[in-house]
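Hi,

Here is the structure I promised to pass on.

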Amino acid sequence: MAAASETERLLSRGPGYGTAEAAPAPVPGREDEEEEEEEEDEEEELRRRLKYFFMSPCDKYRARGRRPVKLGLQLAKIVLVTVQLILFGLSNQLVVAFKEDNTVAFKHLFLKGYEDGADDTAAIYTRGDLLEHLAFVLQQYLAVPNETLGRYAYGDTGGGPGGGPGLRLCQRFFRRGDIDPENDTFDIDPSVVTECLGVHPGDPQPPVLDGPGSNFTLQFHRLINVTVEFQLKAINIQTLLNHEIPDCYTFSVTVTFDNSAHSGRVRIRLDTHAAIRECHHPAMPGGGATWRRLAFDVLVVAVCSLSLVLCARSIARGLLLQREFSRFLRCHRGVTVSLSDRLEFLNGWYLLLVTSDVLTVLGTVLKIGIEAKNFSGYDVCSILLGTSTLLVWVGVTRYLTFFQKYNILIVTLRVALPNVMRFCCCVAVIYLGYCFCGWIVLGPHHVKFRSLSMVSECLFSLVNGDDMFATFAALRPSGALVWLFSQVYLYSFSALFIYMVLSLFIALITGSYDTIKNQSEAAAPLSELEAFIAQCQDSPGSGKFRRGGSGSAPCPALCCCCPRAPVQDNALLVN
């Protein structure tokens, strides 16, 4: 039986040279079905990544088991930044109090007959008063070491040790001036001449300003102003109570007798400018507090730098995911993603946190320089730290948006903001018109309308209902026409802005709130992005969002132009 089978095989026709056995016929449509399945798997994976991107930190934890590191970091940063701001504020408060106390002391020391609160009314009216006040300033300057309660030392106005006198008395006057009110004539050369006299701290007596033997004669008829400039040094030792290194101050004091108006009234004012530098002090006990503050500042910089890196990474990953989503819709559906959907991937809260982190780092560096006495810009540091703290606390509201009842408030503000801004632009035009009109008409008759800034402040107070009666009562018109105009002006402004503008302003916000509330109760229309994500029915606890789960597919169908490896595809997963 076996021999017969072998004989049949040898006698049968075999395939000829160059021929092969026929392959099984392909099944129609199998390759197309595989490609469709791959595309569906990739589309479902993209939906999961998009849904995971827009999840709250708690849902992300349930979906992938990853702890909300950024949430915990932001909460820690709030505590650190707030504590740092409070410590700096207490230190800055000592600096401000020391400057203000010394300024008040200088006014009482060098301004004859000065009384608290009389800065705007301090003036003299006769030549004798001017000479008497100047002599008083010079006498008090020479008596500073013996009479003042504070510990002061003379500074050098000349620019260096032994480089000039400690005090400079200067007068500015017209080069030539002849005024004759009787004949209504004048002859004035507008060129200004400055003449100065130096006074040394060691002089036994102040110089004679007028009369025989005087080398400094005041030009009363041509006089513009007289200034007395000098420097005093002091040390702020109250910082020792906070275990801080004391600051050394150099106060530049300028007493000005202003006669620029030539109205018969010479205004008097005293201005101070404080320069802070490092003191040359011996080693003091309690230096460990300085190192603790430095270590705390370094910790704040480290935490904010880490927050900056994490938030910047999340922004970058969101932009990459947005590009992949746009490419998928363009390649597979021929649809272009709208601008509003693309902006959903750019998280404004992260931008806010990045800005706050940058400001905090810069402010902390300046704070370290201030405490090391290498920098004295308290104002710049205060602006940076104050703004960063404000942004940090505002950024916390992002996590409130994950709760429905809190989210409606945030969404209302976001929806109402464009309409409110457009409304404010329209109102600003009317507001500026009232400002210019009130300044030019009521300025000569009302103290609150003397400058544009004062007019704006007064009108803004009227809008809020503040100081209403005082504004009407302080008006002192010179005639019936101005009085009638002022009444029409003030009443029309109050009626327009209080009863109409504020009501419309509130109505815009209320309307946005009602719209959002109705949409939350009813089915709101979905955007292209929301409709795409809504097709994913996987819950955060389903386990399909974890890396390496059943939903991951390495097919390059999502990137129809540039295929990627699975490792690259997984790198787009967003925290």
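This is a predicted model: local features need pLDDT of at least 70, side-chain atom pairs count only at pLDDT 80 or more; totals for chains, interfaces and linings use all residues.

Residues are numbered from 1 along each chain as its sequence is written, and side-chain values use heavy atoms, leaving out hydrogens and water.

Let's start with the cysteines. A disulfide (a pair of cysteine sulfur atoms within 2.5 Å) turns up 1 time in the structure. The partners are Cys170 and Cys196, with 2.0 Å from S to S. The torsion about their S-S bond is about 110°, so this disulfide is right-handed. It links distant parts of the chain, since Cys170 sits in strand 3 (residues 167-180) and Cys196 in strand 4 (residues 185-199), 26 residues apart. (Helices, H or I with at least four residues, and strands, E with at least two, are DSSP runs numbered from the N terminus.) Cys170 is buried at 6% relative accessible area, whereas Cys196 comes out as partly exposed at 40%.

What about Cys426, is that residue buried or exposed? Cys426 is exposed, with a relative accessible area of 54%. Its closest cysteine sulfur belongs to Cys425, 6.8 Å away, which is too far for a bond. Cys304, on the other hand, is buried, at 1%.

Now the aromatics. Rings of Phe, Tyr and Trp (its six-membered ring) pair if their centres lie within 6.5 Å; planes under 30 degrees apart count as stacked, over 60 as edge-to-face and the rest as tilted. That rule gives 21 aromatic pairs. One of them is Phe106 with Tyr152, a tilted pair at 5.5 Å centre to centre and 50° between the planes. Phe106 lies in helix 4 (residues 69-110) and Tyr152 in the loop between helix 6 (144-147) and strand 2 (153-154), so the pair ties together parts 46 residues apart in sequence. Both Phe106 and Tyr152 are buried.

Tyr141 and Phe230 have ring centres 5.1 Å apart and planes at 50°, so they are tilted too. Here Tyr141 in helix 5 (residues 127-142) is linked to Phe230 in strand 5 (residues 223-236), 89 residues away. Tyr141 is buried at 0% relative accessible area, and Phe230 is buried at 2%.

Cheers

Conventions
Buried means under 20% relative accessible area, exposed over 50%, partly exposed in between (1.4 Å probe, protein chains only).
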